[in-house]
Amino acid sequence: MAGEKFHEWLSREGRMVIVGASLAGLRAAETLRDEGFAGSLTMIGDEPYEPYDRPPLSKAVLLGKASPHHTELPRRREIDATWRLGSAATGLDMAARRVRLADGDEVEYDRLLIATGVRARPWPKESEAQLDGVFTLRTRDDAVALHRRMRASPRRVFVIGAGFTGSEIASACRDQGIAVTVAERAGAPLVGALGGVIGAVAAELHHDNGVDLRTGVMVTALEGDSAGRVRAAHLSDSSVVQTDVVVVSLGATRNTDWLAGSGLGAGPRGIACDAGCRAFDYRGIVTDDIYVAGDVARSPHPLFNYQFLSLEHWGNAVAQAEVAAHNMISASADRLPHMWVPAFWSSQFGVNIKSVGVPSMADQIMITQGSLAERRFIGVYGYQGRVIAAVSFDNTRWLEFYQRLIETGAPFPLEFPTVDRRPEGRPVPADFPDPSLPTHGPTVTLSGYSPADRRLVFTPARH
């Protein structure tokens with residue numbers, strides 16, 4: 001009874017603090033109110049803007065089809081929150097239950113949700129990163145600055161990294177008639193996320209659309225002129241590319257620096273949490289007053305050998321935030337696990353790419369429908385004899401079917417006939433790069449596992 005009374009008090013009078021004025025942060029706040037939370041709610045964000053949508057920044061915004069100033073996320077309801085925007089969280093006192101802000105203030109909480117997401121990985125040489133014309137793309141301000149420079153008719157845009165964001169930037173450049181060079185240290189675009197078989201198709205897309213694609217190379221230096229403007233990129237094969245705009249697309253860094261010394265289980269790979277989104281401390285003991293959601297979270301997934309997954313996915317941020325918010329105000333018996341199947345989409349060079357599951361775990365892939373040559377197909381990934389992922393190029397209508405195969409642990413290779421099975425529909429190595437070598441494309445990071453080897457049928461909640 002004491003526990004029930006505590007949660008009744010928490011729902012009426014408790015203090016909820018959400019660090020991260022993000023997609024996950026906003027959806028968590030809305031869920032708290034939807035489920036009857038009537039206490040105080042504080043939203044903390046390092047940017048001066050209320051939560052906005054990030055996927056359009058590398059797609060519609062760069063194409064000039066959407067304004068970066070009008071990408072605010074739609075509100076499901078009023079959340080009656082105190083907004084602390086433009087002042088980043090700089091520290092956490094777990095014992096006193098306080099979040100320290102950059103402006104020197106402190107905010108007390110009874111329950112804390114951390115949804116700080118990720119930031120773009122900068123160019124490692126600071127003097128070169130500060131050259132005029134060198135950009136990253138993660139925030140609204142980044143998109144405004146890059147879009148403005150692209151409208152100024154640059155002679156060439158040079159993109160470092162051929163992951164999803166880098167490829168989308170290259171696509172936006174070609175759509176506007178801007179010359180673009182893409183440098184990728186791996187053998188093809190998207191190999192970190194989708195493997196070499198699909199990477200070869202992505203490379204063809206780049207070439208056929210006029211991209212100067214350089215693979216198997218590293219950028220060794222960015223050269224500036226006497227006025228501090230970038231003028232060239234030097235590559236490891238000794239070539240030099242003249243350019244006046246460089247976009248650094250080297251993946252993301254999780255925003256956990258502010259938690260150093262807090263005692264929370266946080267590091268470069270994110271914040272470890274259990275299936276109910278409760279954060280672990282540095283000793284591996286689960287907390288009951290700190291929760292995590294979105295890109296910054298590392299959580300175990302039973303479908304994928306209980307690996308701790310860090311998911312940079314829009315849908316995962318929403319689903320995990322809703323579970324976290326529900327559990328923050330629920331008694332133990334009423335809490336839910338977060339077991340969303342990862343899903344990701346991209347639009348580049350006129351092709352719609354979508355994946356479900358965790359392709360980067362796979363050792364094999366088979367094309368079950370369509371054709372690689374036609375660039376309209378579905379590829380299904382297998383690992384240790386079961387289906388773990390699927391990817392579609394301009395062929396999304398069957399993807400839900402393959403998601404159900406992932407959820408039920410269907411055997412791989414697939415043996416059922418399909419109406420358009422081609423001779424290429426046999427399992428082949430998925431050709432992922434060595435995971436110890438950095439690539440620019442993965443949107444799912446495998447970051448540890450449980451040794452428990454369990455087979456199960458996953459039945460997602462329908463509510």
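**Sheet and helix packing**

Q: How many bridges join strand β26 to β29, and how do the two run?
A: In this predicted model, strand β26, residues 364–371, is joined to β29 by two bridges, and the two strands run antiparallel.

Q: And what's the bridge partner of Ile 365 in β29?
A: Ile 365 has Val 428 of β29 as its bridge partner.

Q: OK, which strands make up the open sheet, and in what order?
A: The open sheet is formed by six strands with antiparallel pairing, and their order is β24-β25-β28-β27-β26-β29.

Q: Which of those are the edge strands?
A: The edges are β24, covering 343–348, and β29, covering 428–429, each of which pairs on one side only.

Q: Which strands does helix α5 lie across?
A: Helix α5, residues 164–175, lies across β24 and β25 (351–357), and α5 runs at about 25 degrees to β24.

Q: What about α9, which strands is it touching?
A: Helix α9, residues 399–407, packs on the sheet and touches β25, β26, β27 (376–383) and β28 (386–393), with its direction making about 165 degrees with that of β28.

Q: Switching to helix pairs: at what angle do α2 and α8 cross, and is the crossing left-handed or right-handed?
A: The axes of α2 (residues 23–34) and α8 (residues 314–328) come within 8 Å and cross at roughly 35 degrees, and the crossing is right-handed.

Q: Which residues make that contact?
A: From α2 there are Leu 23, Ala 24, Arg 27, Ala 28, Thr 31 and Leu 32, while α8 contributes Trp 314, Ala 317, Val 318, Ala 321, Glu 322, Ala 325 and His 326.

Q: How do they divide into nonpolar, polar and charged?
A: The residues of the α2 contact with α8 comprise nine nonpolar, two polar and two charged.

Definitions and conventions:
Residues numbered from 1 in each chain as written. Predicted model: local features only at pLDDT ≥ 70, side-chain atom pairs only at ≥ 80, totals over all residues. Heavy atoms only, no water. Axes fitted to C-alpha atoms, helices over the stretch in contact; angles between N-to-C directions. Helix = DSSP H or I, 4+ residues; strand = E, 2+ residues; numbered from the N terminus. Left-handed = near helix turned anticlockwise from the far one by under 90°. Contact = heavy atoms within 4.5 Å. Nonpolar A, V, L, I, M, F, W, Y, C, P; charged D, E, K, R; others polar. Pairing = 2+ DSSP bridges.
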